[in-house]
Amino acid sequence: MMKTDIEIAQEAALAPITEVAKALSISPDELELYGKYKAKLSDELWERVKDNPDGKLVLVTAINPTPAGEGKTTTTVGLGEALAKLGKRSIIALREPSLGPCFGIKGGAAGGGYAQVVPMEDLNLHFTGDFHAITSANNLLAALLDNHIQQGNALGIDTRQIVWKRCLDMNDRVLRNIVVGLGNKMDGVVREDHFVITVASEIMAILCLADGMQDLKDRLGKIIVAYNYNGDPVTAADLHAVGAMAALLKDALKPNLIQTLEHTPALVHGGPFANIAHGCNSVRATKMALKMADIAVTEAGFGADLGAEKFFDIKCRKAGLHPDAVVLVATVRALKYNGGVAKANLSEENLDALRKGIVNLEKHIENLQKYGVPVVVTLNAFVSDTEAEIAFIREFCESRGCEFALSEVWAKGGEGGIALAEKVLKTLEEKKSDFRMLYEDHLSLKEKIETIAKEIYGADGVTYAPMAEKMLKKIEDLGFGDLPVCMAKNQYSLSDDATKLGRPVGFTVNIREVYVSAGAGFVVALTGAIMTMPGLPKVPAANGIDVNEDGVITGLF
């Protein structure tokens, strides 16, 4: 019987992180150790490597997620390990997991099977404290804002137009809409307030897009927390909050170094959700990986309609990155699910359902090709896959100009990713990336939203709630019209309706709310029923997690 992910991780023989660093020519003096197996990379290291030539950048993305599982992070880890087996200096660049999914329904984000990053429990729980620092900086700003109002409100903040929300890295639905300031006069001004999950907060996005301390402080200062009675924005800089927030984020700004089960280096840093934020690891970690590796393998959250679109149109735009290839992950099971097969019946061969469901993969291939980056499709293997199903998908992909490889990294680690790694190397050698963005900066915000909705989602058009229309005009009037758009959309469908599987047609996308994240440098558009504070399922994953007297944790996955 196959061991659980946590059992595999706990039985692994980890190398001291100083040894993993040594393979990258990093000296112990350039590390800030968090125990034996975790370290932060120092600013001194960046200063030493920043002028090195960049390696190749490979993005791993996926079709829309299903309950059958796709294995995007698992594939990313396994590909990095396989490239190392082929003699390449590879570094994996991932996001940090959020406690919300860990204790909710999705589980952790360390990969799976024999393609994991370790220490798995540390990574999925407190790790190096980055999320604590982000949460603290966010809530410090909230406290300073409410205190300013309590102490006389010299900035003339309109308490009906406060847009800054508190945050918590936990799925806690009752905090979505709350009332604060109840009690007596000394307990603050009574007003409606809200929480978002930490990974959806603007501070998380800022940390992941900042290229250094000064840039971080500049971005923090631009955060709009409220509007005054004249309708003008009030910023974190106006509240004199920047210095203290930056102090809390000083160490969180440094990328974290850990390892895979096969001791391949992994930079795991930052963790914005891709359905409600921009879904990519930090620019600093990606750039650091590029300076030290032949090939840096990174991933972007959820399906390519969310993570990859935002990686290209937000992260690459802001950081000047130029991806060299994209790996698109699919599974036979997920494609059959998109074709209408119930989860319980996914192990049975069903070519008719595969034909129906493969349109989801087709749309993602078409979308990625719009960016001019060569595409490699990989099928994350399951024991229930049949030769006929695999052959059908292979022919489908190759007829659309994509390389194709079967991946068995979950069961075999790096060895199971050799075929994929060879196809990636072939693509990097033979096909030149002609990377381009989906839209230009000068387009209006509506034009950007409609470009994404029509080109990437396949929508016929976009509708706007009255408040969204009003905010779009205000944001452009304030001078933020040239920013990219971060679409907040459910991850399960190309549309804004999670029940529409496959490749939906004949639908419109509804924008219900819009706001500017001026510090992060993008405008957020909320579609459909997307929530910025998720809730727990009926039976949370937390119910199955435990720790024994020896401190051994069980139930994490």
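**Entry 1: a glutamine in a loop.** I began with the side chains of Gln491 and Tyr492, which are joined by a polar contact of 3.4 Å. The model is a predicted one. I then asked where Gln491 is found. I located Gln491 in the loop between β21 (485–488) and β22 (508–517). Is Gln491 buried or exposed? Its relative accessible area is 9%, and the cut-off for buried is under 20%, so I noted Gln491 as buried. Next I listed what Gln491 is in contact with, leaving aside neighbours within four places in sequence. The list reads Asn64, Pro65, Asn275, Phe302 and Leu306.

**Entry 2: a sheet of three strands.** I turned to an open sheet with the strand order β7-β12-β13 and antiparallel pairing. Which strands stand at the edges? I found β7 (157–162) and β13 (233–235) there. Each of these has a single partner strand, so one side of each lacks a neighbour in the sheet. From one strand to the next, the twist averages 50°. As a reminder to myself, strands of a sheet pair through backbone hydrogen bonds, either parallel or antiparallel. Opposite Ile162 I found Ala226 in β12.

**Entry 3: helix α8.** How many residues of helix α8 (residues 202–209) are buried? I noted eight of the eight, so the helix is largely enclosed by the rest of the structure. The buried residues of α8 include Glu202 and Cys208. I also wrote down Ile203, Met204, Ala205, Ile206, Leu207 and Leu209 as buried residues of α8.

**Entry 4: Glu299 and Arg95.** I moved on to salt bridges, and the count comes to 35. One of them is formed by Glu299 with Arg95, with the closest N and O atoms 3.2 Å apart. This pair links distant parts of the chain, 204 residues apart. Glu299 is in strand β16 (residues 295–299), and Arg95 is in the loop between β4 (90–94) and α5 (99–103). I checked the accessibility of each partner. Glu299 is buried at 3% relative accessible area, and Arg95 is buried at 16%.

**Entry 5: Arg166 and its partners.** The side chains of Arg166 and Asp146 meet in a salt bridge of 2.9 Å, N to O. I placed Arg166 in strand β8 (residues 166–168) and Asp146 in helix α7 (residues 130–150), 20 residues apart. Arg166 counts as buried at 17% relative accessibility, and Asp146 is buried with a relative accessible area of 17%. I then found that Arg166 also forms a salt bridge with Asp193, where the closest N and O atoms are 2.6 Å apart. Asp193 lies in strand β10 (residues 191–193), 27 residues from Arg166 in strand β8. Asp193 is buried, with a relative accessible area of 1%.

Terms used. Residues are numbered from 1 along each chain as its sequence is written. This is a predicted model: local features need pLDDT of at least 70, side-chain atom pairs count only at pLDDT 80 or more; totals for chains, interfaces and linings use all residues. Side-chain values use heavy atoms; hydrogens and water are left out. Helices (H or I, at least four residues) and strands (E, at least two) are DSSP runs, numbered from the N terminus. Buried means under 20% relative accessible area, exposed over 50%, partly exposed in between (1.4 Å probe, protein chains only). A polar contact is a pair of N or O atoms within 3.5 Å; within protein, one must be able to donate a hydrogen and the other to accept it, and residues adjacent in sequence count only if both atoms are side-chain atoms. Contact means heavy atoms within 4.5 Å. Two strands pair if DSSP finds at least two bridges between them. Axes are lines fitted to C-alpha atoms, for helices over the stretch in contact, and angles run from 0 to 180 degrees between N-to-C directions. A salt bridge is a side-chain nitrogen of Lys or Arg within 4 Å of a carboxyl oxygen of Asp or Glu.
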